[in-house]
Amino acid sequence: MSGVWMFQQNGVVRLVENPKAESNSKRGKVLVHLPSNEVITSYSVLERKLMALGWERYYDDPSLIQYHMRSSIDLISLPKDFSKFRSIHMYDIVVKTRNVFLVKDM
């Protein structure tokens, strides 16, 4: 038996024999700003929300969009193209801005 072990949302692990078919059937994720219940649809919307929380734009790497907070060592790095904004970037934002953003299924 061959395949890939995948974690489900309920915490159960199961063996998927054809992971590509499994991943193609799943819908994407969205980043939601909890205080306004607004889905983040662009970097300009995200930037307004982050700046309101005290995050500042960081211009060290021209190939990325980055934000940092002066009071911490946290750095949020995002691809320049919003179409390449994936769930891994969303979860990074959620971890660094506790109780402000949430990742949901579409």
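Relative accessible area sorts residues into buried (under 20%), exposed (over 50%) and partly exposed (in between), with a 1.4 Å probe and protein chains only. The structure is a predicted model, in which local features need pLDDT of at least 70 and side-chain atom pairs count only at pLDDT 80 or more, while totals for chains, interfaces and linings use all residues. Residues are numbered from 1 along each chain as its sequence is written, and side-chain values use heavy atoms, with hydrogens and water left out.

The protein chain contains 3 helices and 8 strands, taken as DSSP runs (helices H or I, at least four residues; strands E, at least two) and numbered from the N terminus. Along the sequence these elements follow the pattern β-β-α-β-β-α-β-β-β-α-β. Of the 106 residues, 26% count as buried.

An open sheet is formed by 3 strands in the order β4-β3-β8, with antiparallel pairing; two strands pair if DSSP finds at least two bridges between them. Its edge strands, β4 (38-39) and β8 (101-105), each pair on one side only. Strand β3 (residues 29-33) is joined to β8 by 5 bridges in the antiparallel sense, and Lys-29 has Asp-105 in β8 as its bridge partner. Helix α2 (residues 43-52) packs on the sheet and touches β3, β4 and β8, its direction making about 145 degrees with that of β8. Contact means heavy atoms within 4.5 Å; axes are lines fitted to C-alpha atoms, for helices over the stretch in contact, and angles run from 0 to 180 degrees between N-to-C directions. Helix α3 (residues 87-96) lies across β3 and β8 and runs at about 25 degrees to β3.

The whole structure holds 5 salt bridges, each defined as a side-chain nitrogen of Lys or Arg within 4 Å of a carboxyl oxygen of Asp or Glu. One of them pairs Lys-49 with Glu-38, with the closest N and O atoms 2.9 Å apart. Lys-49 belongs to helix α2 and Glu-38 to strand β4, 11 residues apart. Lys-49 is buried at 17% relative accessible area, whereas Glu-38 is partly exposed at 28%.

A salt bridge also connects Arg-70 and Glu-56 (3.0 Å, N to O). Arg-70 lies in the loop between β6 (64-68) and β7 (75-79) and Glu-56 in strand β5 (residues 56-58), so the pair ties together parts 14 residues apart in sequence. Arg-70 is exposed, at 68% relative accessible area.
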